[in-house]
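Student: I would like to go through a chain with you, helix by helix and then as a whole. Can you put it on the screen?

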Amino acid sequence: MKKIPMRKCLATGELCPKKDLLRVVKSPEGNVFFDYSSKANGRGAYIKASIEAIDKAQKTKCLDRALEVEVPSKVYDDLRKEANAR
């Protein structure tokens, strides 16, 4: 039996299978973006693929703290688009 990789959602604090989460990355150059492949180089943070979790993350600025940088609102827009597509 294969082990399912679990990650913690920063906004809700719950453990979820990695495939159910969206990954935001801060690259070594300091750019912040939504990682479609979940394999990009850099510091990653996970958010549950739901509009509520994304809104909560934006309101509480938990991504900003985790990645130690201000996350642009375009990243949250990309996350919402992806959450709606799933």
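Student: How far does helix α3 reach from its first C-alpha to its last?
Tutor: This is a predicted model, where local features need pLDDT of at least 70, side-chain atom pairs count only at pLDDT 80 or more, and totals for chains, interfaces and linings use all residues. Residues are numbered from 1 along each chain as its sequence is written, and side-chain values use heavy atoms, with hydrogens and water left out. Helix α3, a DSSP run (H or I, at least four residues), covers residues 73-85, 13 residues.

Student: Which elements do the buried residues of α3 pack against?
Tutor: Buried means under 20% relative accessible area (1.4 Å probe, protein chains only). In α3 that holds for Val 75, Tyr 76, Asp 78, Leu 79, Arg 80 and Ala 83. Their packing partners are β3 (21-26), β4 (32-35), α1 (51-60) and α2 (62-67).

Student: What pattern does the chain follow along the sequence?
Tutor: Count the elements: 3 helices and 5 strands, a strand being a DSSP run of E, at least two residues. Read along the sequence, the order is β-β-β-β-β-α-α-α.

Student: What radius of gyration does the chain have?
Tutor: The radius is taken over C-alpha atoms, and the globule rule is 2.2 Å times the number of residues to the power 0.38. For 86 residues, a compact globule would come near 12 Å. The chain agrees, at 12 Å.

Student: What share of the residues is buried?
Tutor: Take the 86 residues of the chain. The buried share is 35%.

Methods:
Buried < 20%, exposed > 50% of the residue type's maximum accessible area, 1.4 Å probe, protein only. Expected span 1.5 Å × (residues − 1). Contact = heavy atoms within 4.5 Å.
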